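Dear colleague,

I am passing on the structure below for you to look over.

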Amino acid sequence: MTFKDIIVCILAFMPTGWGLLLIAQALKPLAHRVGIWGSVRTLARGYEIIMGLFLFTPVAFLAWFPFVSEFQTRMLFNQAFSRGLQISRILGGGQKKDRSSSNKE
């Protein structure tokens, strides 16, 4: 077995384990009577930790790089960038009106 085979097996069996956890949650009274509810809860916590590591470790790693922040801003405000809208113009324009109204008084 190669390392790739191990990764494929883990990825193949993770949804199966998650499905078994959901079935155990649906049958909670039966799991209590049989005495496996503690094991179900422990396994569910383990799945939560592993999935959190799989999902958030790459996000946290990429957050260290400045180009990711610029790319995210560009994706979020794509329409504003394509129209040439800049937030500094909006904020700057509001301040000029306040100054001119105070000068008139």
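Predicted model: local features only at pLDDT ≥ 70, side-chain atom pairs only at ≥ 80, totals over all residues.

**Transmembrane stretches and their packing**

Over residues 7–27 the chain is 95% helix and 0% strand, with the end C-alpha atoms 30 Å apart, helices being DSSP runs of H or I of at least four residues and strands runs of E of at least two, numbered from the N terminus. Residues 47–68 are 86% helix and 0% strand, with 28 Å between the end C-alpha atoms. An unreviewed UniProt entry annotates both stretches as "transmembrane region", although such annotations may be inferred rather than shown by experiment.

Residues are numbered from 1 along each chain, and side-chain values use heavy atoms, without hydrogens or water.

Helix α1 (residues 3–26) and helix α3 (residues 37–62) pack at about 140°, their axes (lines fitted to C-alpha atoms over the stretch in contact, with angles from 0 to 180 degrees between N-to-C directions) lying 10 Å apart. The contact (heavy atoms within 4.5 Å) includes F13, W18 and L21 of α1 and W37, Y47 and F54 of α3.

The chain averages a pLDDT of 79, and 74% of the residues score at least 70; confidence is lowest in helix α6 (residues 87–104), at a mean of 56, and highest in helix α2 (residues 28–34), at 94.

Best regards

Technical notes: pLDDT = per-residue confidence, 0-100.
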